[in-house]
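Keep the picture in view as you read.

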Amino acid sequence: MNGTITQVDGNYSIEVRDDAILVFSFIGFESQEIPVNGQSSINVQLSDNITDLDEVVVVGYGVQKKKLVTGATLQVKGEDIERMNNTSPLQALQGRTPGVNISSTSGQPGADMKVTIRGLGTVGNAGPLYIIDGIEGDISTIAPSDIESIDVLKDAASAAIYGSQAANGVVLVTTKTGKAGKSQVTFDTYYGIQRVPRYTDMLNRNEYIAIMQEQAANSGAALYNPSIFDGTSDTDWVEQMFVDDAVTQNYNIGLSGGSESSIYSMSLNYTGQEGVVGGPDVSNYERYGFRLNTEHKLYDDVLKVGQHLNFSYIMRNGVQVGNQYSNTLRGAFGTSPLAPVFSDNNKYDSSYNDTSSSQWYDGDGNPYGHMMTNSNNENDDQRLLADVYAELEPIENLALKTVFGINYYAGEYRSYTPLYRFSVYSYNEDHTTVQQNMSKGHTLTWTNTATYNFEVGDHRFEVLGGMESIQYQGMRVQGSNWDLLEQFDSWDYAYLDNTTGQATLVEDEDGNITGVTEKRNVEGGPEVKARRVSYFARFGYNFKEKYMLNATFRADGSSKFQESNRWGYFPSVSAGWVMSEESFLEDAGDWMNYLKLRASWGQVGNQNIENFQYASPMIITNYDGDYPAGYYLFGTQLGSNVKGAYPGRLANAGVKWETSEQINVGIDARFLHSRLGANIDYYIKTTKDWLVEAPILGTAGTGAPFINGGDVKNTGIELALNWNDQIGDLRYSLSANGAYNKNEVGAIPTEDGIIHGESNMLYDNSGEFYRAQNGHAIGYFWGFETAGIFQNEAEIQWWRDSGNGIFQPNVKPGDVKYVDQNTDGKINEDDKVDLGNGMPDFTFGFNVNLMYKNFDFNVTASGVAGNKIVQSYRNHANKKANYTSAILNRWTGEGTSNEMPRVTDNNVNWSFSDLYLQDGDFLRISNISLGYDFSDLINWKYLSQLRFYGQVQNAFTFTKYDGMDPEVGYGTSDWVSGVDLGYYPRPRVFLLGVNVKF
């Protein structure tokens, strides 16, 4: 085999045998094969190639030609996902999916990704529905190397056939199947190391001492005696929490092939990722996977039978990554640098320092020691996602298909709390505790469909009808006990069998028995069974593949709602017009090869609440001081307390489906011999009848019911561009995409029109700082606006004389000016305003692929703009907590700063305001890879690929945010993002890998 390249004018020369076949190809044109047959001159004119529009994409309960799609969908190929080498397939989608915002909730191995399709539509569960080979499943259990494609259904018309589960979009995952012909064996592996790209700069010892002295002076307190700092350490606690060169690795072997009647595909894989916080002892993820897909054709293709099977076994342990009370990293930001990490003063034979007797601060603690001592936990999860199917074609073009699937899970959890002491606030000296949990359950899905395709002249029709039944059931058991046997007092032996805790009586000062201390706790029971049955239909029509019309309808009945509200109905309609096929655009054919206009409308639903919310369940409890309503007292002696019952919440028989309605208009186009592709979409998505917990008075004496109320409108535009071309031996492709979304709450059915956020989340006794409110974005940050820093007494007096209120009771130069929004002379909650929110206005990404002979090079990037990040590292209730180096730019005298206030012993300048907020814009170069295929050099007929490559993930991040990672998907509630309380950052990864195909 040999080849050549034409000159600029199209001339070429090549030496071949007389019986050779010449293959002429160029990007954007259809290839042609021409036999030489002794000819000395062969001239060829290639035709424009838009055959990729004949490729099929996955839609609900079927496939469809790309050119016939009338909804807003996008597809990412499995090979593009696999080459990113991410633990989660969702990470590989970042920067490739306009309108789909994907962000990390934590950089901890195995952490969930937050996925929002076309804006946040609810204050409940806003994640999309994941369908894996036709069955609802968990995408995090699927190895990226097992994926053939991922299709995202963004608009309601595309997703409406999934009805009650599709309000937040649908992600369809198709795993690899075999192909008839030659068998293929693949082996893929990579090994890499991970490091933190940057650390938060904290005050060192000398800076900290200077700030503490200045803080005391500014507060009118005596300066600290310098001798108290003698012999103290200089510890960078943040850097201490991390490890260098944490390992990540992956191994995958696959086998596929088949004949015209049977095909198969199977794989075995392992993925391991150590955490950069603390290392694998405290933060680690391992996943073992096995996949087997087969299909068989019987009776001259009249019957097809097959199955999909994916099993995963996941082991993980981790540090806490939650709010200020459950965040392992947060302690490193507040602990003073004066305390050492290690010492011999710990009473429990620990090498970690205890500050309980510190002359400086006995509450300082040891965040690193606490992490390494008290992060004893392990989760073991087994997941089986499988289905069997049969498809019968009794007559031509009629397909009857039945699919039975199971999503089975079994999980185990174990934790151990040892004895420890690191400060007067951080200790556990009463007893050790062991906890073990087990759970299992399954979801069964039975789907039956009938599809009929027929033609009447140039009119083509597709009709689909079906029903689906889904049922879930499970069970759980958990136990805990005190006092691990002394000889087994370690994590390796932390099982309930090795504990000795027994209940003890509690006596008062007079020896009277007043209660019981339970050390052992055991509970278990079934999960509430859930049932859903659905009926659905789709009608598709096209005329010469020029005019298209699609309509769907789905009716869902759910056990989560009372009988009168049990059924939800979800219609949709969409149309397409291939304008480039019209005669009035014939003259544009030289530069425009394809132009399609799409429009759609549809409704989808959301039922993501717990079961039986329409009822008031009765709770029956034994005697327990934690549940005083759960028992009744008859008599005056211990033991006269009788098991009782009380209503668990107020009932609301009228609770019903949450509904999302969407209008979409889009354009798909190809230009310049299909080298340039463009997709544009504009949408309006309105979600109404939110499922929210009603605000009730404490006098109700029980829990609040769920009600329907509130709505939100998301309006946006999406653009995707791609260019494919070839210059000699250099083939290249460029793609870029971007999306804009505006989120605005309509009406919330509460007295004040607000769904309130949690308080006490940023620091001790901090107030509410986020909320959902009429006229604002969901989860906007609510606080004071500032107008700079008071520079002198004259400015303070002028501020007062202008009618502005002052927040600080004893205001001094260097204090913050809080804006008096209503100029009533007071600063209070009436002056708090919308400071922005954690959801980006813009998301974008680009991808560059270069292929020169056997070399390949890729750069992938993603980014966001228009969002805010709340950064709260310091507990301002603790005057001795450390600061970041940003405090070095504080006000120290007139003109020194108009942004950072003076330091004081109290938090008078740190009520929640825009001082906590920073711009969250960033551009991240998420992947750079370079590879070379050596298979041509080896020239062995069984070897089709031997590619070695190097890769850098999270290579560069361009941002003004001064935290460790600007991609902060975490929030203290599901409906808020961008809250950095000590965020576990995503590491930078350096990989070497190999791909082999036989």
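This is a predicted model: local features need pLDDT of at least 70, side-chain atom pairs count only at pLDDT 80 or more; totals for chains, interfaces and linings use all residues.

Q: What makes up the secondary structure of the protein?
A: Nine helices and 52 strands.

Q: How do you know whether the radius of gyration agrees with a compact globule?
A: Set the value against the rule. With 998 residues, a compact globule would come to near 30 Å. The protein has 32 Å, so the two agree. Along its principal axes, the C-alpha trace spans about 110 × 70 × 65 Å.

Q: How much of the protein counts as buried?
A: Of the 998 residues, 52% do.

Q: What share of the contacts join residues at least 24 apart?
A: Take contacts between residues at least 6 apart in sequence. Of these, 69% join residues at least 24 apart. Here a contact means heavy atoms within 4.5 Å.

Q: How far apart are the mean positions of the positive and negative charges?
A: They are 4 Å apart. The protein has 73 positive and 122 negative charges.

Q: Why is Gly589 called partly exposed?
A: Its relative accessibility is 28%. Buried needs under 20% and exposed needs over 50%, so a value in between is partly exposed. Gly589 lies in the loop between β28 (567–578) and β29 (592–606). Gly589 and His673 are 84 residues apart in sequence, but their C-alpha atoms are 9.0 Å apart in space.

Q: Why is Asp245 called partly exposed?
A: The relative accessible area of Asp245 is 34%, so the label is partly exposed. Asp245 sits in the loop between α5 (237–240) and β13 (246–258).

Q: Why is Thr823 called exposed?
A: Its relative accessible area is 52%. The cut-off for exposed is over 50%, so Thr823 passes. Find Thr823 in the loop between β43 (816–818) and β44 (833–837).

Q: What makes the phi of Asp245 worth a note?
A: Most residues other than glycine have a negative phi. Asp245 is not a glycine, yet its phi is positive, near 60°. Thr823 is not a glycine either, and has a positive phi of about 45°.

Q: What makes β37 and β38 a pair?
A: 16 bridges join β37 (residues 712–727) to β38 (residues 730–745), and the strands run antiparallel. Asn714 stands opposite Asn743 in β38. Two residues lie between the strands of this hairpin, and Gly728 takes a positive phi near 60°.

Q: Which strand is joined to β38 over eleven bridges?
A: Strand β45 (residues 842–852), in the antiparallel sense. In β45, Leu850 is the bridge partner of Tyr732.

Notes:
Residues are numbered from 1 along each chain as its sequence is written. Side-chain values use heavy atoms; hydrogens and water are left out. Helices (H or I, at least four residues) and strands (E, at least two) are DSSP runs, numbered from the N terminus. The radius of gyration is taken over C-alpha atoms; the globule rule is 2.2 Å times the number of residues to the power 0.38. Buried means under 20% relative accessible area, exposed over 50%, partly exposed in between (1.4 Å probe, protein chains only). Lys and Arg count as positive and Asp and Glu as negative; His and the chain ends are not counted. The place of a charge is taken as NZ of Lys, CZ of Arg, CG of Asp or CD of Glu. Two strands pair if DSSP finds at least two bridges between them.
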